[in-house]
Protein chains: 2
Amino acid sequence: MSDVAVVGGGIIGLSIAWRLVERGRDVTVFDDGDEGAWHVAAGMLAPGGESAFEDPKLVRLMERSADLWPGFAAELGVDVGYDDTGTLSLAMTADDVAEAARVWTRQQLPLLRPTELRELEPALSPRVRAGVHSPRERQVDPRRVVAALREKLHDRIVPKRIESLSDVDATTVVVAAGCGTARLTGLPVRPVKGQVLRLRGEPGLLRHVLDATVDGRSVYVVPRRDGEIVVGATQEERTDRLVTAGGVYDLLRAAIELVPGLAELELAETTVGHRPGTPDNAPMIGFFGDGHIVAAGHHRNGILLAPVTAELVADLVVEGRECPDFDPRRF
Amino acid sequence: MSDVAVVGGGIIGLSIAWRLVERGRDVTVFDDGDEGAWHVAAGMLAPGGESAFEDPKLVRLMERSADLWPGFAAELGVDVGYDDTGTLSLAMTADDVAEAARVWTRQQLPLLRPTELRELEPALSPRVRAGVHSPRERQVDPRRVVAALREKLHDRIVPKRIESLSDVDATTVVVAAGCGTARLTGLPVRPVKGQVLRLRGEPGLLRHVLDATVDGRSVYVVPRRDGEIVVGATQEERTDRLVTAGGVYDLLRAAIELVPGLAELELAETTVGHRPGTPDNAPMIGFFGDGHIVAAGHHRNGILLAPVTAELVADLVVEGRECPDFDPRRF
């Protein structure tokens, strides 16, 4: 019998397992082999942009995790694509500027004019009207992070799909199964479908993460140093796994309007993932039954929140310290 | 030593081999295993639409092959998706109508008003201004045709890439290698890149082939009876095999403008092929050296022209009857 069993081999489950092993626990991770939301995610580490008007407790959690990321990435010991060039938040039309200005005002970042923006990113469309540079909104490559965590934990990962928690023999069971958490725990986690594209070209077209509103549509463009450019994401309250003509069209339209040169790049991958959303779209971190902990429901922020979630769960298991702000018993 | 060797296992080579076997010849087909242009092609059998202002000799050849198709498909003995519902040629903007009217006038087909068009295809956008119904412009599924031909010829197909015609031991060698023909023969065949999408949904959204001009851009939408819908095609003087963001975007934009409901469908496949083009974009069918025949360079019309090409090459091999209109020695 293990000391701790983690059900779920995605970025949350693996991060928790890693931190628990470091604190001396005997951990087994059960991984069903399905590619989780991390496989699709762009890896934007955006504590401010995506959640400006959300729960202040969630914003504090995100800021704390953003602060943990540099150390977390460094401790992994391999290149996981952690990049602190920062994000340009951009707006295209006058309406887009009006909408974005609400967030920018709150962030107290200086507004950049089109000429300043194009000095930072010469490939931007001349139609971009305004933007801000958010140096704290960074990126990491979630596929590299998961590969590095798997490498660290490889002898502790059991490839097995858990059908019922009663089949898991451990003193403490941590369910970090993303959208699969609902089935295992009965807790309210719903899948929020996202379609994401990966383009590929020579490195150097873009340097910053771009987070834009283009004719009323949100799009992000995340350039990796190897020439991959991630374009996302649709947000659909659907459970299917279909890449749709309309989803791909909407993403390409917004991305090409923003950076016309993207049209020349290879469309290398079209993917679908499901963000695990709770009723208030904040995560559940805590006990939900005797010896049963949940760490799931991170919605759009799973990559950003992985380091802090791992710490919080390790604090709970090792020290018994609870995290009342995100207690699953609030539902 | 075979009587006849056919170099190329695409729709042209296989059709030729089939007809020669039927006329009693001992035939071997060398197939390099690469998927040819047939694998990407939508299978529009359009003797009028695509070539209205081309060489009248070529138009006659296309009409002759269109007449052969019903018998050719029937003789294959399996369902190859031959469908005679016909094509709606459509125009969206006033400029699109003006351009399309040049072809429609020549075809002497009655102009249909928007209400008449939407009675035929209720899923059409209300923006479609005018169109004609071309009952003679039909479709077939090229992948099914090639599968049926392979089945008929399976013991005669040798999976082998031919590097030089001097390696081929046969009385007569027919080179039907599409874009690969240039390398083998020195004849002028250039690749013309085309990107094609395949969507998938429930059958019944569309019945006719749609051949449209949408805001100045040509697009075709070919619905199969099984729910597959082929959307094509870019036309690029490029040799690379990249599916590009811009290519996919342009196709989706035109197709979704034409039939908004396509947005809901799965984007099941993105493919690239190369049409084999000659300097005058007409095929080469005839001797180009001692015992060496070429049948290649069919450009956008390879599927349509397969039956007539097979007949012409069989006439040449069996009866010595030449085809001066498409003699390769014109270059």
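In chain A, 6 strands make up an open sheet with mixed pairing, in the order β7-β2-β1-β8-β15-β14. Strands here are DSSP runs of E with at least two residues, helices are runs of H or I with at least four, and both are numbered from the N terminus; two strands pair if DSSP finds at least two bridges between them. The model is predicted, so local features need pLDDT of at least 70 and side-chain atom pairs count only at pLDDT 80 or more, while totals for chains, interfaces and linings use all residues. Residues are numbered from 1 along each chain as its sequence is written, chains are lettered from A and ligands numbered from 1 in the order in which they are written, and side-chain values use heavy atoms, with hydrogens and water left out.

The edges of this sheet are β7 (157-159) and β14 (284-289) of chain A; each has a single partner strand, so one side of each lacks a neighbour in the sheet. On average, neighbouring strands are turned by 25 degrees against each other, direction ignored. β14(A) runs antiparallel to strand β15 (residues 292-296) of chain A, and 5 bridges join them. A:Met284 stands opposite A:Ala296 in β15(A).

A further open sheet of chain A has 7 strands in the order β5-β4-β10-β11-β12-β9-β13, again with mixed pairing. Its edge strands, β5 (130-134) and β13 (266-277) of chain A, each pair on one side only. From one strand to the next the twist averages 20 degrees. Within chain A, β4 (residues 87-91) and β10 (residues 209-214) pair in the parallel sense over 5 bridges, and A:Thr87 stands opposite A:Val209 in β10(A).

Two helices of chain A, α1 (residues 11-22) and α9 (residues 302-319), pack at an angle of about 40 degrees with their axes 8 Å apart. Axes are lines fitted to C-alpha atoms, for helices over the stretch in contact, and angles run from 0 to 180 degrees between N-to-C directions. Contact means heavy atoms within 4.5 Å. Residues making this contact include A:Ile12 and A:Ile16 of α1(A) and A:Ala306 and A:Val313 of α9(A).

Chain A can be laid on chain B by a turn of 180 degrees and a shift of 0.0 Å along the axis, with an RMSD of 0.0 Å (least squares on the C-alpha atoms of residues with pLDDT of at least 70 in both). The two copies are therefore related as by a two-fold rotation axis. In chain A, the C-alpha nearest the axis belongs to A:Tyr249, 3.0 Å from it.
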